[in-house]
Amino acid sequence: MATRKQVLYRRVFVWSGALRIFHWAFAISTLVLILTGLYIHYPPVTTKWAEFKPQYLMATLRYYHFTAAYFFMAALIIRFYLLLFGNRYERFTDFLPINQRNIHSFWQSLRFYLYLTDEHEWRMGHTVLAGTIYFALFVAAVVMTLSGLYLLYPETGWINAMGVVIFGSPQQARFIHYLLHWAFIFFVVVHLYIAVWNDFKAPEAIISGAVSGCKFMPADQPED
């Protein structure tokens, strides 16, 4: 009878406190923005439920939306700093496909998540596939921020000038803001699925790592 090979793991510290603050501030503010954004875009005015809504519900949810947006922007500033000056696993040079090793890692991770191979690449930081997606999300978040500022403060000189140059009319900015809103919903669903799935397939403890900052790696895994 075949016996399962025993693997010894070691606990390594990967994610700094600043990155974990970014992660949870970004996650919670994104959730609030998605939920309040759905209501702001399409308030249920013809349902029976709407007849029982509390007073000033739209104004209240808009206030929550704008408050969450400021936490969202603060999180982006932290992440931007860490992309440049964070620890080695938090900098963009560690997880973007900008060199031969990372390009190979990108395709290896893609094959793993598409069930084309069982060979999992152990990395201390993000996989290159995940890092590339996170970076794309970061860019989308910047666009969301700029379009949101344009919609919220169209009378402010420099914001109006910036909005006209990047988006054109406020209607176009609103349309882009709305489209990216669905991209964020899609990301949240996939992100949660991959995080749980990954913990079953490769016991790195990445879910608890979002709190502790630590991952588990095979004891014989060399440093990146």
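So, which hand does the crossing of α6 and α7 have? It's left-handed, and by that I mean the near helix is turned anticlockwise from the far one by less than a right angle, with clockwise being right-handed.

Before I go on, some housekeeping. This is a predicted model, where local features need pLDDT of at least 70 and side-chain atom pairs count only at pLDDT 80 or more, while totals for chains, interfaces and linings use all residues. Residues are numbered from 1 along each chain as its sequence is written, and side-chain values use heavy atoms, with hydrogens and water left out.

Okay, the overall picture. We've got nine helices and two strands; these are DSSP runs, H or I of at least four residues for helices and E of at least two for strands, numbered from the N terminus. Along the sequence the pattern reads β-α-α-α-α-α-α-α-α-α-β. The C-alpha atoms fill a box of roughly 65 × 45 × 30 Å, taken along the principal axes. Of the 224 residues, 38% count as buried. Buried is under 20% relative accessible area, exposed is over 50%, and partly exposed is in between, using a 1.4 Å probe and protein chains only. Now take contacts, meaning heavy atoms within 4.5 Å: among those between residues at least 6 apart in sequence, 68% join residues at least 24 apart.

Back to α6 and α7. Their axes come within 9 Å and cross at roughly 125°. Axes here are lines fitted to C-alpha atoms, for helices over the stretch in contact, and angles run from 0 to 180 degrees between N-to-C directions. The two helices are therefore oblique to each other. On our scale, under 35 degrees is roughly parallel, over 145 roughly antiparallel, 65 to 115 roughly perpendicular, and the rest oblique. Who's touching whom? On the α6 side there are Val-143, Leu-146, Ser-147, Leu-149 and Tyr-150, and their partners in α7 include Ile-159, Met-162 and Phe-167. By class, that contact has nine nonpolar, three polar and no charged residues. For the classes, Ala, Val, Leu, Ile, Met, Phe, Trp, Tyr, Cys and Pro count as nonpolar, Asp, Glu, Lys and Arg as charged, and the others, Gly among them, as polar.

Next pair: α5 and α6. Here the axes come within 7 Å and cross at roughly 95°, which makes α5 roughly perpendicular to α6. Asn-102, Ser-105, Phe-106, Ser-109, Leu-110 and Tyr-113 in α5 meet Val-128, Leu-129 and Thr-132 in α6. That contact divides into five nonpolar, four polar and no charged residues.

Now have a look at α8, residues 170-201. With 32 residues at 1.5 Å each, it should span 46 Å, and its end C-alpha atoms are 45 Å apart, which agrees; the expected span is 1.5 Å times one less than the number of residues. Its buried residues include His-177, Phe-184 and Trp-197, and the buried set packs against α1, α3, α5, α6, α7 and α9.

Tyr-39, in α1, is buried at 10% relative accessible area, and its C-alpha is 7.9 Å from that of Met-58, 19 residues along the chain. Ala-74, in α3, is partly exposed at 38%. Gln-100, in α5, is exposed at 65%.
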